[in-house]
Amino acid sequence: MIDYKEFAKAELNRVIPIQNRFKEEFDIDSYTNWFYDDESGILRLYNNDDDEIFFKYIPIGTFSLSQKTWMWSWLNNSLVVKSKIETLKIKQFGEENQFEKLTTGTFPSDEFDGWEFLAISQKVLNGIGVYKINGDKLNYYLLLTEILNPDGNQEIIKLKQKIVDCGYHGFKRPAFICQHLELNSSNGFEEAFETFPGMDLDEDDDFSAWCDECEKKRTECDGWNDESEEFAKIKLICEDFYFEIKESNQKIT
Ligand SMILES: [Zn+2]
Ligand SMILES: [Zn+2]
C-alpha cells in the first residue's frame with residue numbers, strides 16, 4: 001500500500017512545474033480581480049473588460065478559515081450537481097488506494113492540504129492548472145480544465161451580466177419590479193417581454209415586471225412617464241428572486 005503522505009508530496013512536486021508553466025503562459029498573476037460562477041463553472045480573471053481571461057473549472061473543495069476544516073465539493077450542498085459531480089472521481093481514486101483524506105467529506109485541516117488535493121485532482125481529472133480564491137470566510141480551490149474563447153460564448157455573456165448580489169442567491173443578473181410585487185403577494189405580473197428562468201438576455205434587455213394596478217396606471221398614462229413611474233416605484237432585485245415572485249403573482253388564465 002502507498003503511504004498517503006509520500007504520495008501527496010510527490011503529486012505536489014509533480015504539479016509545481018506544470019502550474020508554473022500554466023501561470024507563465026496565461027500571465028495569471030497579471031490579473032487583479034476574479035469572479036467565478038458555479039452555475040456555468042466559469043472563472044473570469046480580469047483587470048477590465050478589455051483585459052480578461054476565462055477558464056472552465058471544477059470546484060474541488062473549500063477551506064473554512066474560521067473552522068479550519070476542509071470540505072470536498074461532492075459533500076457541499078450549496079454547489080450545483082453539474083459542477084461537483086466530477087469530484088466523485090477523486091473520492092473513488094481515494095477508495096481504490098485507501099487514502100482516508102480523499103474519502104472523508106469534511107475534516108480538520110490546513111491550507112496546505114488543499115494544495116495537495118489540487119495536485120491530486122489535476123492528475124485524476126486532467127486539469128491545465130489550478131487556482132485558489134481567497135474569500136472572506138472560505139478559500140476556494142479550483143481545478144482549471146480549459147481556457148474559453150469569450151467571442152459569442154453565451155455562458156460568458158450571461159456571467160458578465162451577473163452583477164447583483166442580494167445576499168441570498170449569490171451574484172445574479174439584475175431584475176426590476178414595481179413596489180407592489182412581493183413574495184407571496186398575488187397582484188398580477190405584467191412583463192416587458194415573456195421570460196423564463198435562465199434565459200439569455202440581449203445587452204439592452206432586463207427582466208422587468210409590474211402589477212395589475214401599475215398596468216392600469218400605465219394604460220391611463222399612455223405608457224411609462226413620471227406619473228406612472230412614481231406610482232410603480234420600480235426597485236432592483238436579483239433574477240432568482242424575480243422568478244420566485246413571478247410564481248406567486250402571475251395569474252394563469
Ligand atoms: Zn437574490
Ligand atoms: Zn405595481
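This dialogue walks through some features of a predicted model.

Student: What should I know before I start?

Tutor: This is a predicted model, where local features need pLDDT of at least 70, side-chain atom pairs count only at pLDDT 80 or more, and totals for chains, interfaces and linings use all residues. Residues are numbered from 1 along each chain as its sequence is written, chains are lettered from A and ligands numbered from 1 in the order in which they are written, and side-chain values use heavy atoms, with hydrogens and water left out.

Student: Which residues coordinate the zinc ion (ligand 1)?

Tutor: Start with the rule. Donors are N, O and S atoms within 2.8 Å of the metal (3.2 Å for Na, K and Ca); water is not among the atoms, so sites may look incomplete. Here the zinc ion (ligand 1) is held by C166 through SG, H169 through ND1 and C238 through SG, at 1.9 to 2.1 Å. Along the sequence, these donor residues follow the spacing C-x2-H-x68-C.

Student: Which residues form the negative surface patch?

Tutor: Charge first: Asp and Glu count as negative, Lys and Arg as positive, while His and the chain ends are not counted. A charge is placed at NZ of Lys, CZ of Arg, CG of Asp or CD of Glu. Patch residues have over 30% relative accessible area and no salt bridge; like charges are joined within 9 Å, and nonpolar side chains (Val, Leu, Ile, Met, Phe, Trp, Tyr) within 5 Å. In this model D202, E203, D204, D205 and D206 make up the negative patch. Take D204: it sits in the loop between β11 (190–191) and β12 (207–210). D204 is exposed, with a relative accessible area of 72%.

Student: How are those strands and helices named?

Tutor: They are DSSP runs, numbered from the N terminus: helices are H or I with at least four residues, strands are E with at least two.

Student: How many salt bridges are found in the whole structure?

Tutor: The test is a side-chain nitrogen of Lys or Arg within 4 Å of a carboxyl oxygen of Asp or Glu. The whole structure has 23 salt bridges. One of them joins E52 and R44, at 2.8 Å from N to O. E52 is partly exposed at 23%, whereas R44 is buried at 9%.

Student: Where do K101 and D113 sit?

Tutor: Their side chains form a salt bridge, 2.9 Å from N to O. This pair links distant parts of the chain: K101 is in helix α4 (residues 100–103) and D113 in helix α5 (residues 111–125), 12 residues apart. K101 is partly exposed at 31%, but D113 is buried at 6%. Salt bridges with shared partners also join D37, E39, K162, K172 and D240 into one network.

Student: Which value of phi does N126 have?

Tutor: N126 has a positive phi, near 65°, and is not glycine. N126 lies in the loop between α5 and β6 (129–134) and is exposed at 61%. D222, likewise not a glycine, has a positive phi of about 60°. D222 belongs to the loop between α7 (212–220) and α8 (226–232), and is exposed at 76%.

Note on methods:
Areas by Shrake-Rupley, 256 points an atom, 1.4 Å probe, with all protein chains shown as cover. Buried < 20%, exposed > 50% of the residue type's maximum accessible area, 1.4 Å probe, protein only.
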